[in-house]
Amino acid sequence: MIKDEAKKGTQKVYFGLPEEVKFCKKCVMSNQKPNSVPEFKNTAGQKKLTIAFDEAGVCDACRYAEMKEMQIDWKKREEELVKLLDSHRRKDGYYDILVPGSGGKDSVQAAHLLKYKYGMNPLTITWPPHMYTDVGYRNFRRWIDIGGFDNITFNPNGKVHRLLTKLAVENLFHPFQPFIIGQKNLAPKIAMKFGIKLIFYGDCSAEYGNPIAENFKPNQGTEYYTLDKKDFSKIHLGGVSVDKLIKDYGLSLNDLEPYLPLDKKEIIEKGIDFRILGYYIKWSPQEAYRYAVRYTNFETNDVRTEGTFTRYNSLDDQIDGLNYWATHLKFGIGRATYEASHEIRYHLIAREEGVKLVHRFDGEFPKRYFKEILEYMDMKEEKFFELADKFRSPHLWEKINGKWNLKHKVS
Ligand SMILES: [Zn+2]
């Protein structure tokens, strides 16, 4: 049932991960982190599924952070931005740019800068979380009400979204997958309806260790948001092909429409461009947070976020915590690893402190909304944990005295 299971060396390895676990010499990220750029090939032309480490044992995300400081001419990048915006700018008051987001700090900053600093007329769009947290919903309202934006919120069919989320957990242990797919495919569809040709996202994927080459492209991996053609045996949602969802689960093509990609040809013909603001301006999570507080009164979590030591990153969906717990289970990388690595790269904490934070918080179970999530997925607690254990790759986990232990920990 686990895809890409392979027996390398002496132990089983799931998901095509590297068998040997290594940690970056600068941050606390391991080499098990998957790329979100699926077609990326390394210099030898092989598909590279996980984050790259160089000869010095440093990860791509750390190298990108160095480049941001030293090599990138940000003044020149901003000039490029202004030129691009000028070519889309409309004088008739109509929308000229689309900014997707849910009211998190990054989308707040992107939309606000584009409107108030660069004088664009953005339409914001939202594919809402499965279940908003109270603080997440308040921040969403502040984005629109205090920030001052028009917004279209697309609410997918709740029955279908729940089923797909449940399937994504059962088949992939990836509770966010249908949300991510839906959200990505929504933007070009709405852009097309409103005759908008420019879509702007906030932070860039190179921040999180996607291939460093992406950093030199202003659209950074967004070309993969679309497919060349609609082959329903090849498009999977929650690990099930669209063909099968229709045949075996009683869904209609219309039920699945929000999740299906547009034809790539159509997007090119209509001249729709995807851009990342983080390519043009020197983005940082701390700055995005400060910006959102200053201009929209953005609110942090009232308590420390489960599984980590921070209060301000992705906190709008009740399922967020579980999603990170799932990455800890599948790749040995939890929320504290992601966030400590980021803070090390921005010189906010030292590596030793990051190591301590990972040991203390990574993999902490997100109890706060667990009951609601189980109800949402219509799943029993025993079934959930039974399922979870099937996704622990034997090269990462061992059971000692009935307790699961990570074999390799950052040190
Ligand atoms: Zn690193």
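1. Two residues are said here to be in contact when heavy atoms of theirs lie within 4.5 Å. The model under review is a predicted one. Phe-200 belongs to strand S6, residues 198-201. Its relative accessible area is 0%, so Phe-200 is buried. Between Phe-200 and Leu-277 there are 77 residues of separation along the chain, yet their C-alpha atoms are 6.5 Å apart.

2. The overall composition may be stated briefly. The protein contains 16 helices and 11 strands. It has 411 residues, of which 55% count as buried. Among contacts with a separation of 6 or more, 74% are made by residues 24 or more positions apart.

3. Not counting residues up to four places away in sequence, Ser-393 touches Lys-12, Val-13 and Tyr-14. For Ser-393 and Val-13, the separation is 380 residues in sequence and 5.8 Å in space, C-alpha to C-alpha.

4. Which residues coordinate the zinc ion? The SG atoms of Cys-24, Cys-27, Cys-59 and Cys-62 do so, at 2.3 to 2.4 Å. In sequence these donor residues follow the spacing C-x2-C-x31-C-x2-C. Cys-27 and Cys-59, 32 residues apart, link distant parts of the chain, and each lies in the loop between strand S2 (11-13) and helix H1 (60-70). Cys-27 and Cys-59 are both buried.

5. Why is the arrangement around the zinc ion tetrahedral? The four donor atoms subtend angles of 103 to 115 degrees. Four donors count as tetrahedral if all angles lie between 85 and 135 degrees, and the arrangement at the zinc ion is therefore described in that way.

6. The nonpolar interior may be considered next. In soluble globular proteins, nonpolar side chains tend to be buried together. The largest nonpolar core of this model has 52 residues, and those with the most contacts inside it are Phe-173, Leu-322, Trp-325 and Phe-384. Two or more residues are given to this core by each of H1, H12, H13, H14, helix H15 (370-377) and helix H16 (381-389). H12 supplies the largest share, six residues. A second, separate core has 32 residues, including Phe-179, Ile-190, Ile-196 and Val-242.

7. Apart from neighbours within four places in sequence, Trp-325 is in contact with Phe-173, Gly-363, Glu-364, Phe-365, Pro-366, Phe-384, Phe-385, Ala-388 and Arg-392. Trp-325 is also part of a cluster linked by ring pairs, whose other members are Phe-173, Phe-365, Phe-370, Phe-384, Phe-385 and Phe-391.

8. Aromatic pairs number 29 in a search of the whole structure. One of them joins Tyr-137 and Phe-140, with 6.0 Å centre to centre and 40 degrees between the planes, a tilted pair. These two residues are three apart in helix H4 (residues 134-145), so about one helical turn separates Tyr-137 from Phe-140. Are the two partners buried or exposed? Tyr-137 counts as partly exposed, at 39% relative accessibility, whereas Phe-140 counts as buried, at 5%.

9. Two arginine residues are placed over aromatic rings. Arg-77 lies over the face of Trp-74, at 5.8 Å from the ring centre. The charged end of Arg-162 sits over the ring of Tyr-376, at 5.9 Å from its centre.

10. Finally, two backbone angles should be noted. Asn-297 is a residue other than glycine with a positive phi, near 65 degrees. Asn-297 lies in the loop between helix H11 (285-296) and helix H12 (320-331), and counts as partly exposed at 47% relative accessibility. His-347, likewise not a glycine, has a positive phi of about 60 degrees. His-347 is found in the loop between helix H13 (335-345) and helix H14 (351-361). With a relative accessible area of 65%, His-347 is exposed.

Conventions: Residues numbered from 1 in each chain as written. Predicted model: local features only at pLDDT ≥ 70, side-chain atom pairs only at ≥ 80, totals over all residues. Heavy atoms only, no water. Donors = N, O, S within 2.8 Å, 3.2 Å for Na, K, Ca; no water. Tetrahedral: all angles 85-135°; square planar, octahedral: opposite > 155°, others 65-115°. Helix = DSSP H or I, 4+ residues; strand = E, 2+ residues; numbered from the N terminus. Buried < 20%, exposed > 50% of the residue type's maximum accessible area, 1.4 Å probe, protein only. Phe/Tyr/Trp six-rings, centres within 6.5 Å; stacked < 30°, edge-to-face > 60°. Lys NZ or Arg CZ within 6 Å of the ring centre and 35° of its normal. Core = buried A, V, L, I, M, F, W, Y, C linked by side-chain atoms within 4.5 Å.
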